[in-house]
Amino acid sequence: MSVDVELLKAFPYFSGLDRAELESSRGFFFERKAQRGEFVLKEGEHGETLYFVASGVVKEFMTSTDGKEQTLRLIRPGESFNDVPIFDGGPNPASAVAMSPLVLYGIRKGDMERVMREHPSVALNAIKALAGRVRYFVSLVEDLSFRHVIGRVAKILLEQARTETGSGPRLTQQEMAAMAGTAREMIGRALKALEEDGAIRLDRHRILITDRDALREMAGVTLETKVTDRQQIEP
Amino acid sequence: MAEMPTVDGKKCNGCGLCVSVCHCHVFVLVENVISVIETEECTWCTQCEAVCPTGAISCPYEIIVEK
């Protein structure tokens, strides 16, 4: 099934390419669909496909030997995953599972290399995207090393809040715990503490951010915002 | 229509712990099959999700910036 050129144009890797360049690249892509809960990749396996999310959300995560899960990223439309094995030939460093019905565009390693040779701007875009990824993971390491759980939960709420266009994943406490690197029980306590401080209000299945500045302060986000490759937290 | 917890029937083992912890009578277990009763009484305490041994129950949150 041929991929939508308009959608391809919106992917950061293909930013700035003209119509002819996009048309010459689209033939290498194939579409893959997945249902919620379906694994797209498994940690440690060898894979030769770079994926771009066309619609839906993917959770990228690692699992420890004692079964504890750490979420690395939530990957939204336009973003890519499984970049690392494509570029360094190693196994998948993380697993990827569909959080919603998913449409992916995949391209095999050899084809991606050919596209980058024929269109060097794609390679430059890839470097920029991966640099943003490195920045994101440095921030994650900082979060896990230095921030208190409440601060990490505050940051997660700021980053995952529904945008004005309506997109934003729904997260269970278990999912938030995996993102924050803590136990599920701590999330409930953190949400209660944030509500008591007036930063949020819990309304059944909705977490309403009532004081974004207070939440930012708890998250330790400064006015010089930390840009991630997911979402910019506005000053 | 009230938002309600969801149950993954493939993961549910019919243990009934969700029925026992729920204050709001959301869950009904009949012949080892769990059903969710739609009710405004559900306070989204998420205890059902917490106690479920198989991870069959989900109580996802929507995160919204209040204007």
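Analyst: A nonpolar core is a set of buried Ala, Val, Leu, Ile, Met, Phe, Trp, Tyr and Cys residues joined through C-beta atoms within 7 Å. A residue is buried if 20 or more other C-beta atoms, placed from the backbone, lie within 10 Å of its own, exposed if 12 or fewer, and partly exposed in between. This is a predicted model, in which local features need pLDDT of at least 70 and side-chain atom pairs count only at pLDDT 80 or more, while totals for chains, interfaces and linings use all residues. Residues are numbered from 1 along each chain as its sequence is written, and chains are lettered from A and ligands numbered from 1 in the order in which they are written.

User: Which residues of the largest nonpolar core touch the most other members?

Analyst: V40(A), F52(A), V58(A) and L104(A) do, within a core of 32 residues. Strand β3 (49–55) of chain A gives the largest share, five residues. Strands (E, at least two residues) and helices (H or I, at least four) are DSSP runs numbered from the N terminus. A second, separate core has 25 residues, including L157(A) and I63(B).

User: Why are α6(A) and α8(A) called roughly perpendicular?

Analyst: Helix α6 (residues 149–160) and helix α8 (residues 184–196) of chain A pack at an angle of about 80°, with their axes 9 Å apart. Axes are lines fitted to C-alpha atoms over the stretch in contact, and angles run from 0 to 180 degrees between N-to-C directions. Angles under 35 degrees count as roughly parallel, over 145 as roughly antiparallel, 65 to 115 as roughly perpendicular and the rest as oblique. The angle therefore makes α6(A) roughly perpendicular to α8(A).

User: What makes W44(B) count as buried, partly exposed or exposed?

Analyst: W44(B) has 19 C-beta neighbours inside 10 Å, and therefore counts as partly exposed. W44(B) lies in the loop between β3 (33–36) and α2 (47–51) of chain B, with a positive phi near 60°.

User: How do you know that β2(A) and β7(A) pair?

Analyst: Two strands pair if DSSP finds at least two bridges between them. Two bridges join strand β2 (residues 39–41) of chain A to β7(A), and the strands run antiparallel. The bridge partner of F39(A) in β7(A) is V97(A).
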